[in-house]
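Subject: Structure handover

Hello,

Here is the structure for your next look. My notes on it follow below.

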Amino acid sequence: MKKVIAIIPARLESTRLPRKLLRDVCGKPLIIRTCEAIQESKYINKLIVAVDSDDIRSVCELYGYESIMTDPNLKSGTDRIFAAYQNLKEEYDYILNVQADEPLINIDDLDNLIEKFSETEDSAATIYKKIEDLKQLNSPDNVKVIFNPKYQAIYFSRNIIPYRRDIEKENLLEGFSYFKHIGVYLYKKETLKKFVELESSKLEIEEKLEQLRLIENGFSIFCVETENEIHGVDTFEDLQKVQKYFN
């Protein structure tokens, strides 16, 4: 199996739930709950938290997790994980990007992603899930993905894709499957390097989805299915749900 490093981009400031990564989740900060979930992987050789503040760095050190300080002004989580990776002395084959606010991430999904990706020649990999109801389908917060028969992503969009011209909106899920994208990424190290060197692409700017930069520049993204919901923490209500789970 390839050598895998997981890097969690951990930015202190957040809009809807200020300083959310330091919020208490039944006795431990949210960022630590996420670290604990990821470290259960049977394939991840190393875990790093890419931080932008001394506050998060101190918490990581307190709980024994290695962190690397990065520039607070970096424009994306992808730039942050690459900045952290450049500070390492050891090389890794794959770099896993997991969001810092997802303490309920299913470790079997991560291990399955690594296993399946190792069997392909693709540039990167990600996770998708079947959409179960019209509310999910219609929400722009749920990014939709379509892929070819080799499970390589064709396009990601906040809109409903594909557009089925002759079907009424209330019947869209009858006899047809739509899929939402789960924001976990696994990169080959050379793919990540090229990714951050590229200028933001036209479709990326319009959709506000940076993974489109890879597709527009000819990189293949392998898609792996999960049946599990992955709940990020963006609001106080989300935090309460996570606290209830750990209580």
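Start with Tyr245. Its relative accessibility is 59%, so Tyr245 counts as exposed (exposed is over 50% relative accessible area, buried under 20%, partly exposed in between; 1.4 Å probe, protein chains only).

Some ground rules. This is a predicted model, where local features need pLDDT of at least 70 and side-chain atom pairs count only at pLDDT 80 or more, while totals for chains, interfaces and linings use all residues. Residues are numbered from 1 along each chain as its sequence is written, and side-chain values use heavy atoms, with hydrogens and water left out.

Backbone next. Tyr245 and Ile161 are 84 residues apart in sequence and 33 Å apart in space, C-alpha to C-alpha. Ile161 is joined to Pro162 by a cis peptide bond, with omega at about -5°. Pro162 lies in the loop between strands S9 (153–157) and S10 (179–188).

Two non-glycine residues to check: Arg19 has a positive phi of about 50°, and Tyr151 has one of about 65°. Arg19 is in the loop between S1 (4–10) and S2 (24–25). Its relative accessible area is 36%, so Arg19 is partly exposed. Tyr151 is in the loop between S8 (144–147) and S9. Tyr151 is also partly exposed, at 40%.

Aromatics. The whole structure has nine aromatic pairs (Phe, Tyr or Trp rings, Trp by its six-membered ring, with centres within 6.5 Å; planes under 30 degrees apart are stacked, over 60 edge-to-face, the rest tilted). Tyr185 and Tyr187 make a stacked pair, 5.9 Å centre to centre with 15° between the planes. Tyr185 is buried at 10% relative accessible area, and Tyr187 is buried at 1%. Tyr151 returns here: it forms one aromatic cluster with Tyr128, Phe147 and Phe179.

Eight of the nine residues of H1 (30–38) are buried, so H1 is largely enclosed by the rest of the structure. Among them are Arg33, Thr34 and Cys35.

Which residues of H3 meet H6? Thr78, Asp79, Ile81, Phe82 and Tyr85 in H3 meet Lys189, Leu192, Lys193, Phe195 and Val196 in H6 (contact is heavy atoms within 4.5 Å).

Best wishes

Methods:
Helix = DSSP H or I, 4+ residues; strand = E, 2+ residues; numbered from the N terminus.
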